[in-house]
Structures are given as C-alpha cells and as structure tokens.
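Thanks for coming, everyone. Let's look at charged side chains today. Here is the model on screen.

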Amino acid sequence: MQVVYALLFLSALFPLWLAWQANRRTTLLQSVNWGVAACVAWLGAVAFAGPGVESAKRDTVRYLALCLTGCPGVAVLGARRPGVAAWNFVLLGLLAVMLLPLAEGLLLGGRPPDTVRLLFLGATLTVGVLNYLPTRLAPAALLLALGCGWELAALAGRSAEGVRPGWVCLGLVPWAGLIGWRRAAAPLAELDRLWLDFRNRFGLVWGQRVREQFNNAAVNAGWPVLLYWQGLLLTAGATPLDAATRDEIVATLRALLKRFGLDYWVPPG
C-alpha cells in the first residue's frame, strides 16, 4: 500500500504545478509553494511508514507534514501587495512555533506533542479550510479537513495505525481543487468573471474585504449596484446600466485587484 500512497501524492504534484502556472504572477505564488512543500512532506511521511521504522520517527514526520499543510492557508491571509514578501517571515515564525514540540522531543527523548500543541495545529489548519468553504474549492477544503483530522487523531493515538484514509483524502485534495475549479461555467458578464475568479482564488477573508471596498466605492460614485458573494446585482428599482457606467464599474474592480497581482490578467470565458 505504501507504493499506492506514494503514487497518489506524486500525482498530486501535477495539479499543484497547474496551480503554480496559473498563479505565478499573483500574490498567491507563495501559498502554492507552501502547498508543494507540504505534498513533498507527505511523501516523506509515506517513506517513513515502512516496517522497521520507529513510531517516534513516523510521528515526527507526520507532525512536520501537518505543520507544512497549515502554511498555505495562512499564507493566503497575507497575499496582498505591499507586504506579501514580509508575510513569509510571519509565516516562518508561526511554523517555528508549531515545530517547537519536535525540538523539545529531540531534547527530551522523543516526547510526542501534547494536546495543547495539537489543538493549536488543528486551529491553524482550520483557517485554510474555513477560508475556502464558501468557494468553488469547497470539496478540496472538506477533503483537507477530513485528512488532517484523521492524521491529528493518529498523532493523539485515537486512530488505527494500519489504516490510512487520511492520506487518501490529503492526496486527493489538489485533484478535487482542480476538478472544482474547472467544472463551473464562466459567467457572461466581465465583472462577474473577475469577481468570481478572485473570490474562488483568495477565499472568504479577502473576498469579503474587496467586496466591502467595492460597495463603498459604488455608493460614493452613485452607482445603483451592490456586489454580493454570488456577483453584481442592480439595486431595487434601478434602471439598466449604460456601457460607460459598466466600464467604470469594471475598471474600479480591476483597480482593487491590482494589489493581488491581477492587474495584468484577463479571466477565462
């Protein structure tokens, strides 16, 4: 079975590579890089799961992989210019805090992470899951939650060691994200394409922030529109927008998205 698990995580590098290609000019690049690092760490966990390997070593690699798995979701929260590069130092500090139990284990003879550390790690992983639940990547987020939950339970000694459904879920996360991304038809309106693509890439936190800024700009400009989570709608009783106003609205949203590296970008459709 180890070979099957290894092939699953190796195959997951392909959708991650596609994500890297799609986001290499955006502020999400660092988040994708952390995702690749997490996938490689899970390959290491598979390698250390063979017979004859001490349980302490297996748990150490598993804990490291879980810590790296939490990094992409946190990296998204700082994915805005300026500051995206500096956010990596914040993320490295968080990673160092999460990895403290490993250093303590080396000094104290392989003591496993305690319940408080595991809860902190679980909370970090939950950030990324909740951020993408209201987006097209919700199936991937749910698989991530199931996989990480199982692996956390294994670290806490509350799951069977011979069963690895957590690895299956985690290995399928990039594939579920790719399928979820491509399955929905692109909306016809340019602004909705811009908005939905951004929302699905960056998740709830940045989506709500940009939506708030856009709606404030619309009020100041006197436009009879409101940007909802599902797209742009006219306010009640408003007349249809003329072409010039629609162009101004699209230009405003594009200006808001420049901080995320999307100023060069034309959405598909």
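Which side chain meets Arg201 in a salt bridge? Asp197 does, at 2.4 Å from N to O. Keep in mind that this is a predicted model.

Now place that pair. Arg201 and Asp197 both sit in helix 9. They are four residues apart, about one turn of the helix. Arg201 is buried, and Asp197 is buried too.

There are five salt bridges in the structure. Let me take you to two others.

Start with Asp59 and Arg62. These two form a salt bridge, with their closest N and O atoms 3.6 Å apart. Both belong to helix 3, which covers residues 55–77. Because Asp59 and Arg62 are three residues apart there, about one helical turn separates them. Arg62 is buried, at a relative accessible area of 3%. Asp59 is partly exposed, at 23%.

Next, go back to helix 9, residues 190–221. Glu190 forms a salt bridge with Arg254. Their closest N and O atoms are 3.0 Å apart. Where does Arg254 lie? Arg254 is in helix 10, residues 243–257. Glu190 is in helix 9, so this pair ties together parts that are 64 residues apart in sequence.

Buried or partly exposed, then, for Glu190? Glu190 is partly exposed, with a relative accessible area of 35%. Arg254 is partly exposed as well, at 22%.

So much for the pairs. Why can such pairs form at all? Side chains of opposite charge can pair when their charged atoms come close. That's my tour. Thank you.

Key:
Residues are numbered from 1 along each chain as its sequence is written. This is a predicted model: local features need pLDDT of at least 70, side-chain atom pairs count only at pLDDT 80 or more; totals for chains, interfaces and linings use all residues. Side-chain values use heavy atoms; hydrogens and water are left out. A salt bridge is a side-chain nitrogen of Lys or Arg within 4 Å of a carboxyl oxygen of Asp or Glu. Helices (H or I, at least four residues) and strands (E, at least two) are DSSP runs, numbered from the N terminus. Buried means under 20% relative accessible area, exposed over 50%, partly exposed in between (1.4 Å probe, protein chains only).
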